[in-house]
Amino acid sequence: MNVHSRILAMPRSVISRTHLAQYLLTLHEKYALFRDHTKTQELAEIWQKTFLEKDLSLHTKQRQILCNSLRIDHYIHENVVLGKNIVPQLFPLIESSIIITDRTVYPLFQKYYNTALREAIVYTIDTITGDALREIIDNVMKSHAQFVVGIGGGRVMDILKFIQMKIIQMENGKFFLAFPTSLATHVYASPKIHVLPAIAELGYQSTIDGPVPDLVVLDTLFLERLQQTNPRLIRAGLGDIMAYITAVEDWKLAEMNGKDAINNVVVEMCSDTIKRLHKINVQLPLSQWIQEYSFIQVLLCNITDWVGSPPASGSEHLFAKEAEEGIHPPPLHGELVALGTLIMTKVQGGDCQRVHNLMKTFQLPTSLSEIGLTVEQAVSAMQRCRSYGRKKERFTIAEIVDFNKEYSQQIIEGLIENGLIHE
Ligand SMILES: [Zn+2]
């Protein structure tokens, strides 16, 4: 295969307009300039996987037709678009669609856009059970509606993608649209489906490799309003991205111990993202940095698609997952991940002050109680990291260092003494 001609092949017109493709092409130019053949080859494989292996399916064509009718400010990726007041432009199409949402978000959505969408069939998933989920899938299957629309945050997006996966398996040609109403997670752009209780009831145990929505529409003005009313739902997602700081170190450790193989291009992308994070000013209106933010989220989701989740999910995520166990309501995932990143940076012997400063810049809480944890809960979550990592088959620093009670207390108390976290 001629890498150079292959990598520049553009099978679909929109690709060259996406931020993701532009980013990969810039890297390609850099590697070509420095004659870095290894990275050029790794990048060619990434390009192949992202754009060339996916054929021009019916949904790609539908998406193109749909996008042509929208005023799009930024094509982040082929299926993720950004625009001011972009959502209402789709209302005529989704009048009689099936909507997956939750009870808190939907009234706010209707009020903000001043729309009732009366013809739509609406399912709320706040307390959804496995049986109810199965019933929704049956109803979606039987329905003549062309669009299935997810309106909400991470949980709604997970349920939407699960339904989408089931419908694809039945070769039913519906189009799945997503309107994220929070940026607290990047679930909207990720092919990973978290096993929520209802999904677990249907026999799934660990994270599922599912589809991504056919089109994700980020409405800059709606999300900017959210930034004003509930900024934590915007900023928490930045905490989730901070995971690269410790996860990449864990990934390298896994390679050194023969448990995984790192990809140098991806490692470079992760450190480049950390540099980009340092340039984000959350004090500014979201419309000035949302394209950079959503690009970072989309890049992360693609990275996990290319090489699996290790570079984005290491010991800090083991901590975050264990810390949220049994706490109601659960703390914001991204806030916990940022805290986990700080704790694991200490364990890994990294620069804790730098991580702390980044949390401060993003106005992420450094106080345990503000996040929703006690010192004891944080210590106990640390102690459970190794067993959870083994369950997930994720090799991290928790395999090398014994997070016993005494050690875990010492780490948490040390961070408190140094003023890096508070009780
Ligand atoms: Zn996460």
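**Note on a predicted three-domain chain**

1. The protein chain splits into domain 1 (3-52), domain 2 (58-226) and domain 3 (231-417), with bounds from an automatic or database domain assignment. This is a predicted model: local features need pLDDT of at least 70, side-chain atom pairs count only at pLDDT 80 or more, and totals for chains, interfaces and linings use all residues. Residues are numbered from 1 along each chain as its sequence is written.

2. The centres of domain 1 and domain 3, over C-alpha atoms, lie 29 Å apart. Nine residues of domain 1 and eight residues of domain 3 form the contact (C-beta atoms, placed from the backbone, within 7 Å). On the domain 1 side, helix H2 (19-33) and helix H3 (37-52) each give at least two residues, and H3 has the largest share, with seven residues. Helices (H or I, at least four residues) and strands (E, at least two) are DSSP runs, numbered from the N terminus.

3. Helix H14 (residues 290-307) has 18 residues and spans 26 Å between its first and last C-alpha, close to the expected 26 Å (1.5 Å times one less than its number of residues). Of these 18 residues, 14 are buried (20 or more other C-beta atoms within 10 Å of the residue's own, all placed from the backbone).

4. The protein chain holds 21 helices and nine strands. Of its 423 residues, 46% count as buried. The C-alpha atoms fill a box of roughly 60 × 55 × 45 Å along the principal axes.

Notes
Two residues are in contact if their C-beta atoms, placed from the backbone, lie within 7 Å. A residue is buried if 20 or more other C-beta atoms lie within 10 Å of its own, exposed if 12 or fewer, and partly exposed in between; C-beta atoms are placed from the backbone.
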